[in-house]
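Please keep the sequence and the model in view while reading.

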Amino acid sequence: MHSRPYDSANLDDILFGAGPGFDLCNVMSLPGLGLPGLGLEEPSEQPQTTETTQHELSSGSEWRFEVAFGKCVKVRLLNGTAELFGTELIEGPTYTFSGTKAAIFTHHGCTLEISNDAPQSEYSAEETPMAEYVNVHFALETLRNEAQARGRDGPRVLVLGPSNAGKTSLLKTLTAYAIRLGRQPIVVNLDPEEGVLSLPGTLTAAAIRALLDVEEGWGSSPMSGPSAIPVKLPLVYNYGLCDPVADDRSAAHYKAVLSKLALAVSGRLSEDPLAKEAGVLIDTPGTLANTTKSLASNIIQHIVSEFSISHVLILGSERLYSDILRRFENKPTSSTTSNHHHNETITVAKLSKSGGCVDRDMAFMRSFRAAQIRAYFFGTGHLTNGITLSPRQQQVDFNQLAIYRLLIGDQDPTNATVSADLFRPGGQDDNDDEDEDIYNPTTNHSLKSQHPAAAAAAEGGAGTIFQRLTSPTPALQSHILAIMNADPDATEEDIQTSGVIGFLYVAEVDETRGKISLLSPVAGRVPRRAIVWSRGWPEEVVGIV
Ligand SMILES: Nc1ncnc2c1ncn2[C@@H]1O[C@H](COP(=O)(O)OP(=O)(O)OP(=O)(O)O)[C@@H](O)[C@H]1O
């Protein structure tokens with residue numbers, strides 16, 4: 001990638017000069033505290049000793065901090081300029097952070113006022129890779145200008161690197177800088193471990209048109225209700241597993257869902273000139289870089305080809321860099337090979353990992369995902385300037401729903417029994433007549449003829465993607481269900497690659513009465529669509545209601 005050297009005066013003109021400010025009412029808070037049993041209890045009502053200090057940051061340095069769930073840090077910019085992963089803080093208001101690990105960087109120096117309600121990990125750092133990241137931003141801007149002038153596609157950038165290498169933070173920074181210059185890039189999240197503008201387990205794409213939120217980042221729940229920031233409605237596809245390289249079937253499922261997302265993104269690019277010239281920024285799961293498995297390299301190849309990647313940025317792995325450089329540098333992009341394009345080749349660049357990147361342990365990530373799920377249903381009203389949603393709980397006859405269980409990735413041997421027993425119609429046992437049909441108590445129709453996925457699942461066993469549940473199982477309790485934009489009797493391939501129109505939370509299962517109690521973010525009947533229960537991912541969240 002050709003980049004101009006970092007020039008702070010120029011940066012000042014371009015980034016700060018063009019960056020639209022945002023007003024206070026646009027400030028939202030980090031969502032989702034207060035899940036009992038997950039270490040996410042609400043901050044205590046007891047008066048706390050709050051320590052307030054001032055930090056002077058010299059130009060080019062950053063203040064790094066970590067704050068646990070249930071604790072908070074308040075930050076005020078007293079003077080100068082400052083940004084959190086590229087999004088500017090404005091002078092005056094207080095920003096509240098909870099359950100987060102991040103850094104506030106200054107290009108020109110600033111004074112911050114920090115109030116802690118408990119001792120937190122925090123320090124200032126002079127050495128950061130921000131100059132490199134700013135150069136990447138300028139290089140992308142040059143490409144966008146060229147794309148604009150010649151009516152071509154802007155850069156399609158893939159970020160790869162191990163877990164906690166700073167991929168998402170880099171993506172946020174590049175996105176925020178692009179937005180501050182009035183661009184509208186498409187941000188794609190291919191990391192099912194955490195949701196971007198959606199719940200964990202999903203792959204998403206969103207045309208980002210407005211400034212990111214300082215406290216909340218991407219935001220997590222615009223699908224479920226009004227938002228204080230202009231809504232960035234994402235395209236959401238359900239993957240429903242955590243690790244795409246776990247085994248062959250997980251990888252094949254990932255590739256199928258990813259291809260559909262790539263198709264949707266390419267459709268969007270062809271209709272939206274602003275997104276077309278701004279290009280695409282893609283985040284990936286760390287597992288693709290953590291392993292040398294051929295499955296991972298096969299998936300990377302698939303992403304590069306499906307999204308017509310023009311630039312690959314590698315963070316924090318020399319091994320991966322040399323591998324990707326050998327495989328992709330100067331190779332034609334897939335849009336060139338399919339003859340739609342001028343001669344365009346792939347550029348691979350290595351970037352430094354920030355010394356501020358912190359490992360997020362399993363407990364933190366679990367709390368983080370639980371917070372995202374809770375925010376989807378309840379909003380963020382318990383925090384500064386958040387919005388409260390009024391979710392609706394309703395009891396539904398199980399047999400009115402078409403719930404399909406994702407069969408892929410179910411490694412837990414205890415589930416073998418679950419799947420063998422629970423999903424056989426009407427409690428049939430293994431000796432039942434092979435030809436006996438699956439019942440549908442609502443319509444009295446044969447599910448073999450009416451529900452290809454269920455029929456395929458019943459007949460095929462291995463090789464099928466979904467199995468339709470014919471009776472409620474307690475295992476559903478506390479899990480998320482994805483409502484797919486697919487008919488209840490769609491084929492399993494259709495269900496697999498349909499977009500998600502919303503999520504439900506299973507509050508209670510009444511096996512004896514054949515009823516299930518569902519929480520939805522808005523009032524209204526559960527749509528008659530195929531509903532997918534991924535079982536393993538996202539993990540169950542106990543006690544949300
Ligand atoms: N400069 C920094 N200072 C402090 N914290 C940082 C900094 N950069 C990143 N972090 C934090 O480090 C953690 C890991 O960073 P990030 O999520 O960007 O990594 P990632 O490569 O996307 O990880 P994963 O692959 O696991 O999703 C995050 O909590 C992030 O906010």
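Glu 141 and Arg 183 are both buried in this predicted model, and their side chains meet in a salt bridge with an N to O distance of 3.0 Å. Because Glu 141 belongs to helix H2 (residues 130-150) while Arg 183 sits in the loop between H3 and strand S11 (186-189), the pair ties together parts that are 42 residues apart in sequence. The two residues also take part in a network of salt bridges that links Glu 141, Arg 144, Arg 183 and Glu 277.

A second pair joins Glu 344 to Arg 156, with the closest N and O atoms 2.7 Å apart. Glu 344 and Arg 156 are buried. Asp 323 and Arg 327 likewise form a salt bridge, at 3.6 Å from N to O, but both of these residues lie in helix H8 (residues 318-328), four residues apart, which is about one turn of the helix. Asp 323 and Arg 327 are buried as well. The count for the structure comes to 22 salt bridges.

Turning to the ligand, 22 residues surround it, and the closest are Glu 62, Lys 101, Lys 167, Thr 168 and Ser 169. A polar side-chain atom of Glu 62 is placed 2.9 Å from a nitrogen atom of the ligand, while a polar backbone atom of Lys 101 is 2.4 Å from a ligand oxygen atom. Asn 164 contributes a backbone N or O atom that lies 2.9 Å from an oxygen atom of the ligand. Taken alone, the ligand exposes 630 Å², and the protein buries 93% of that. Strand S2 (61-67), strand S7 (100-106) and helix H3 (167-180) are the elements that give two or more residues to the shell around the ligand. By residue type, this shell divides into seven nonpolar, eight polar and seven charged residues.

Cys 110 is in no disulfide, and the nearest cysteine sulfur, that of Cys 72, is 20 Å away; Cys 110 is itself buried, with a relative accessible area of 4%. Cys 357 is also in no disulfide, the nearest cysteine sulfur being that of Cys 242, 19 Å away, and at 24% relative accessibility Cys 357 counts as partly exposed.

How values were computed:
Residues are numbered from 1 along each chain as its sequence is written. This is a predicted model: local features need pLDDT of at least 70, side-chain atom pairs count only at pLDDT 80 or more; totals for chains, interfaces and linings use all residues. Side-chain values use heavy atoms; hydrogens and water are left out. A residue is near a molecule or strand if one of its heavy atoms lies within 4 Å of it. A polar contact is a pair of N or O atoms within 3.5 Å; within protein, one must be able to donate a hydrogen and the other to accept it, and residues adjacent in sequence count only if both atoms are side-chain atoms. Accessible areas come from the Shrake-Rupley method with a 1.4 Å probe; for residues, only the protein chains shown count as cover. Ala, Val, Leu, Ile, Met, Phe, Trp, Tyr, Cys and Pro count as nonpolar, Asp, Glu, Lys and Arg as charged, and the others, Gly among them, as polar. A disulfide is a pair of cysteine sulfur atoms within 2.5 Å. Buried means under 20% relative accessible area, exposed over 50%, partly exposed in between (1.4 Å probe, protein chains only). A salt bridge is a side-chain nitrogen of Lys or Arg within 4 Å of a carboxyl oxygen of Asp or Glu.
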